[in-house]
Amino acid sequence: MPTSGTIGEIKDIVREHFSRTQFPTAQLDQALAEGRRIIENAGNFWWMRDRKDFALVINQGTYSITTSASSGLNLPNFKDAIAFTWTTDGGTVFEPIPIGDMTREEAEVIYSDDDGTPELVIIENTTLYVFPENPLDEYDCRFYYWQWTENPQLNSATDDLTKRFPMSLAYAAIAWGYEMVLHDLNSAGYFRALLADDFKKIKRENFKRGWSDMMLFVPRVGPGTRFRKRLDKVQIYRCTK
């Protein structure tokens, strides 16, 4: 069991396991990269969260997510969306808007020829559509998302996955090596079973972190002392035409 959770220690575990096959370094790095992808394919985890701040372009409603072309967001490792908020140019209070509440075809009919402030975001493949598609101003936006991550480059480096669950990455890399290099599905199945047990710990930790991010407003009823939280900057109601 690695003591410090460095990527170098995890490499040593995988290398020693496959020593009889003389795993070259390039193949070892590939196994660890594929092992990480196996883990991240299983869910959206806390170490994959990130945020992108950008400004809308007047009279433009389409933005590439993975490239920088055409006012793109330049997020090549984008995996999935979390939330989207916006504010007026230079504003400080952000308003959330829904992502994917309807199809793009429906949105283009409902918001046909409309202009104004952002009301809806739709993602198709690697393109982000903001409706209405003709923003009146360069509104400041914040896009919260999950992304695919990479293993640390330096052998002495760590991140949350390697530090908290180093054996999970080792199991996944070894399973990939048995499947794709040695073509030994029985041995691969054994290490995938070990990884499945570790997944329970990862998902439990992920649930705890996700739960702590939730905000619930529960009305106080019946007898007892009541107190007022400061909600000066919370917009509870939204005016519509």
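The expected span of a helix is taken as 1.5 Å times one less than its number of residues. Helices (H or I, at least four residues) and strands (E, at least two) are DSSP runs, numbered from the N terminus. The structure is a predicted model, in which local features need pLDDT of at least 70 and side-chain atom pairs count only at pLDDT 80 or more, while totals for chains, interfaces and linings use all residues. Residues are numbered from 1 along each chain as its sequence is written, and side-chain values use heavy atoms, with hydrogens and water left out.

**Figure 1. Overall course of the chain.** The chain contains six helices and seven strands. Starting at the N terminus, these elements follow the order α-α-β-β-β-β-α-β-β-β-α-α-α. Of the 241 residues in the chain, 36% are buried (buried: under 20% relative accessible area; exposed: over 50%; partly exposed: in between; 1.4 Å probe, protein chains only).

**Figure 2. Helix α2 and its buried residues.** Helix α2 comprises 17 residues (residues 25–41), so at 1.5 Å a residue it should span 24 Å; its end C-alpha atoms lie 24 Å apart, in agreement. The buried residues of α2 are L28, A31, L32, G35, R36, I38, I39 and E40.

Figure 3. Side chains of opposite charge can pair when their charged atoms come close. Because E40 and R36 are four residues apart in helix α2, about one helical turn separates them. R36 also forms a salt bridge with D159, at 2.4 Å from N to O. This second pair links distant parts of the chain, 123 residues apart: R36 belongs to helix α2, whereas D159 sits in the loop between β7 (140–147) and α4 (160–164). R36 has a relative accessible area of 2% and is therefore buried, while D159, at 21%, counts as partly exposed.

Figure 4. In the salt bridge between R51 and D53, the closest N and O atoms are 3.0 Å apart. R51 is partly exposed, with 39% relative accessibility, and D53 is partly exposed, with a relative accessible area of 39%.

Figure 5. The peptide bond from F131 to P132 is cis, with omega near -5°; P132 lies in the loop between β6 (127–131) and β7. N74 is not a glycine, yet has a positive phi of about 60°. The loop between β2 (62–64) and β3 (78–87) holds N74, which counts as partly exposed at 44% relative accessibility. H183, another residue other than glycine, has a positive phi near 55°. H183 is found in the loop between α5 (166–180) and α6 (185–212), and its relative accessible area of 61% makes it exposed.

Key. A salt bridge is a side-chain nitrogen of Lys or Arg within 4 Å of a carboxyl oxygen of Asp or Glu.
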